[in-house]
Every structure is written in C-alpha cells, then in structure tokens.
Amino acid sequence: MDQYDVVVIGYGPCGQMASLQLGQAGHRVIALERHPQLYGLSRAGHIDDEIMRTLDRVGAGEEFREDAVAWELYDMRNKAFGGDLLLSLDWSQVGPNGHRGHWIFYQNNLELALNHRIRELDNVEVHMDHEVVAIDQDADGVEVRYRNRNSGEERTVRAQYAVAADGANSFVREQLGIAITPGHEGPFQLVIDTLQKRAVSFEFDNGQFADPERPGCLFQLGKTHRRWEFTLLPGEKPEDFTLTRVWELLQPWVTPEDVEVLRYPVYQFREFMADEWRRDRIFLVGDSAHNTWPYAGEGMCNGMRDASALTWRLDLVLRGLADSRVLDSYEDDRKPNMQGWIDLSREIGLPCIITDPEAAAQRDGFLKAALADPTLMPPPIIPPGPVAFSRKGDPLAGVPAIQGRVEVNHQRGLFDEVVGRGFQLIATEQSVIDALDESNHAFLVSIGATVAVVAEASSGSPVVDVDGTYATWFAEHGRVAVLARPDFYLYGSAADGDDVNAIVADLRSSIDAPPEAVVA
C-alpha cells in the first residue's frame, strides 16, 4: 500500500491550494479528482487582497494577474440602463495585505496557475478521473480507496491525514456521517458566462442592477470573459431558460457577434455549515464545510482561508515541531469567521433581489438618503478574525497582518517576497528583537520564522519601510512588535521588549513544541 503524508480529495481551487502548500513544505501528497480534467466551468469571480497575498505565497500570483482585473468601483443601481444610483463603493484602495482590495477574474485561469505550480513538485501526485469510493481511519492514519473511472481499477492508499475538498455534495462528509445545519435559502439565479469575441464596454459595469422587474448584475471575469446574472421571478422555472431565452436577456448589451455563451446554469442560493469540520484525522475545507450566498464574493476565498489555516498546522505536526493538539483549533478558528461571511453575504444580497415594487421603492428611498447622509447606513457585519489560535486577551489577536513595501539591499517589493514568510515576528526597533532570550530565539529558528526590524532608512535597519506603512500602523496601535501566523493573521502583539518574550513563549506553549525540536 502506497504511503503519503496527506491525501487531498478534490482538486478544485481549495484542494489545489491545500496540495500546493503542503507540497511546497516538503510533504508527500496525493490529490484525487473525480473529473477527467480541470473542471473548466468558472464559478468564483472575485478575490480580495488576502487571497492575492496567498497566491503570491505559493508562486501563482504573477500568472494569475496576467488576466485578472483590479476592481475599481462597485455600484448598485435600480435599473441596468438609466437607473438611479443607490450605492457606490470605491474599491480602488490597497488592502492591509499589500495588494488592491478587490480583483475580478476567470476561475479557469486561477486553476491553471495553481496547477502549473503543483506540477513542478515531484512530491505531489495528481490523479484526475479517479473517484474516492471508501475512506476509513484508525489511530495512526487514514486509508482511502479510489477507482479509476475509465478502467474501473481500484487502489488503496494510506496517509497520516486526509483533507476533503470535494465540494458541497461532499462524499467524504457523507461517509463520515457529518450533518449540516442549513441556513437561509434564496431565489434561483441564472448565471451566464461568456467569452468576448471583441472588446465591449458599457456605461454601467461591474455592479448590481436591483430592478424589481428583473434583478441582476454584470461583471468582468478578468480581461476576456464576462458574466451576467438574472434573478428568476416568481412563477419562473429553471427549465424556462433555454439558450434562446438567454440571448433575449443579453440583447440589450451584446449579440452573438460580441460574445460566445459558454454556460448558463441556474443555481439556488443556499447556506449551510457542517456541524463538524474535523473527524479525527480527516478535515473538511471549502464547500464541503460551508456554503454561502455569492454576494460578498467570498465563497472560494473562504475555502482558500480554510486550506491556509489547516496546512500550516499540518506542516508543524508532520515535521514533529508541534503536538497534534494544535489541529484542535482549526475548526474553532475558522467557523466563526465563516459564519460572519455567510451573514454578511446575505445582508448584501437581500436588497439586490427584491421583486416587489413597493419594497423596492422603500429600499431606493433609504439608499438614496444614505448616499446623501452616510451616517444613516447601519454598520455592516464584520466577520470576526480567527482567534482560537492566538494569545488570549491580546487586543490585536486575529487582526490581518499588515504588509507593506520594503527595501533590502536595494531590492524593493512587498515584505513577504523580499524578507520572508511563515511565522513573522516584526518590530520597529532593533532593541525589541535584541530583548529575545536565547530559548525563544532558538524556538523561532526551529519553526522557520522570519524575524525582522522594519524602520525608516535613517535608522540603519537592513529592512527599510519604503512608504511608512509599518511606522504608521504600529503608531496607530501603540505596539512595538507583532507576531503573525503563516496565514497572515496576528497571533498577537507586544507593548515592549519584555512582552516580546512573553508572546513568543506563549506561541511556543500553544504549539506545545517537543523539547527535542528546539535546540538553543
């Protein structure tokens, strides 16, 4: 029986990300996908600055950006043509992770970029057209039996852990008997993806037209594809939407001379949360663990977050640098954050899909008033940061780890690329780092942490804060150092040199590193 460190079930973006991060960390991985090739049907269309930073981490960011488009402005109007403006959001800003905050893209190109990086790794095997037919586990590992869907041949592999990234209808979740808790069901939505035959542009683009006569939206999917969505009205059925009907809906914008229709499925918005994200040595990520309405554009992003949150934990355990109890915090870390995104996406979506004219008029009146006086708008839901693995009581636990431009030896770029990734201990003064005792310093070395002082050029620091990003952030928060996790969230922060030792010691205790793993 072939032996692996991890078996990944499902090779969509979340399974790819888990396979890639584990493979780049040096672990032996087998990924199993039931489809004969990359799925080829774009679903996701938006990522944020955190996921862009994650793509850079695995070396896929540059290829991804060749086709992705930075999103400038998000508008909501009450008609697609000549409608009144109801909401306008400036999305041109750089986010805390050092990239523009919002990007629109064609998912096939994302999967290709990830696949190219995976195929460079000798320690990651990918088996397409192979479906898992059985999964079992014992105290020492997981056994997975899978079938070649072409030949019918079956094989069994064994791994220390398994990651189920096999989608909303997860076979693994069903086999484990893990229940799901459903949330709100929404309407049916027609999704039309197209390939541009020639350049097209519209006066109103990349936003929602919340028209009660036919709610919908239109977006670029990168530089060469476009998407339209239309909410089905009461009494309409999915089977009503033939290709002929699709072209009738697209006619105000484009003709067959402008675009090729690639797909036009009808989905129903739904929410659910798996009651368990872990069963001993088997973990759920992505849609196998949760499902959300699409309006925040964060469904796939959260699957990527799951993969990142899980893989750094698995890496430490597989390398013998952490006790397996570090895995216990995975679900508690991710679940509250995911519930926040589910609630936010529904909050965004509900005003967009109103088909009752009177309710739509009331909505329009309120949103127009809020445009004139933004204080009328209630504060949005803010998904909580991951704090299950953090220093308890730390005011910055779970906050996104800031990334700015730095310069080292005349090389300029974002911190991760120029200085380093993994756990990051970042301070603004050398004396803070010098305060680390020998044992804590040895521990940071043992887990491959990046330790850096970032300061202005006149300080003599080898890492220069090019734009003052770090100086401004640290001053605003009144801290002298932060300790970031590999998934770009803060484990905690320090008020002074003594506190730096305290926070590193706390991390060491949380990881429960075996003494033999840390050599002073």
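A: Start at P182, which stands opposite F272 in β19. That strand covers residues 272-274 and pairs with β12 in the antiparallel sense over three bridges (DSSP has to find at least two bridges for strands to pair). A quick note before going on: this is a predicted model, where local features need pLDDT of at least 70 and side-chain atom pairs count only at pLDDT 80 or more, while totals for chains, interfaces and linings use all residues. Residues are numbered from 1 along each chain as its sequence is written, and side-chain values use heavy atoms, leaving out hydrogens and water.

Back to the sheet: it is an open one of three strands, antiparallel, in the order β12-β19-β22. β12 (180-182) and β22 (290-291) are the edge strands, each pairing on one side only. Packed on this sheet is α8, which touches β19 and β22 and points at about 170° to the direction of β19. Touching here means contact, with heavy atoms within 4.5 Å.

Now follow α8 (residues 329-349) over to α7, where the two axes come within 10 Å and cross at roughly 165°. That makes the pair roughly antiparallel (angles under 35 degrees count as roughly parallel, over 145 as roughly antiparallel, 65 to 115 as roughly perpendicular and the rest as oblique). Axes are lines fitted to C-alpha atoms, for helices over the stretch in contact, with angles from 0 to 180 degrees between N-to-C directions. The crossing of α7 and α8 is right-handed (near helix turned clockwise from the far one by less than a right angle; anticlockwise is left-handed). On the α7 side the contact uses N302, R305, D306, A309, L310 and R313, and these meet α8 residues including Y330, D333, R334 and W341. By class, that contact has five nonpolar, three polar and five charged residues. Ala, Val, Leu, Ile, Met, Phe, Trp, Tyr, Cys and Pro count as nonpolar, Asp, Glu, Lys and Arg as charged, and the others, Gly among them, as polar.

α7 (residues 299-318) also meets α2: their axes come within 10 Å and cross at roughly 50°, so the two are oblique to each other. This crossing is left-handed.

Keep going along α2 and you reach α1 (residues 13-24), with axes within 11 Å and a crossing of roughly 45°. α1 is therefore oblique to α2, and the crossing is left-handed. The residues that meet are M17, Q21 and Q24 in α1 and T54, L55 and R57 in α2.

Finally, α2 lies across β3 and β7, running at about 85° to β3. Those strands belong to an open, antiparallel sheet of three, ordered β3-β7-β4. β3 (46-48) and β4 (69-70) are at its edges with a single partner strand each, so one side of each has no neighbour in the sheet. Two bridges join β4 to β7 (residues 102-104), and A70 has W103 as its bridge partner.

Terms used. Helix = DSSP H or I, 4+ residues; strand = E, 2+ residues; numbered from the N terminus.
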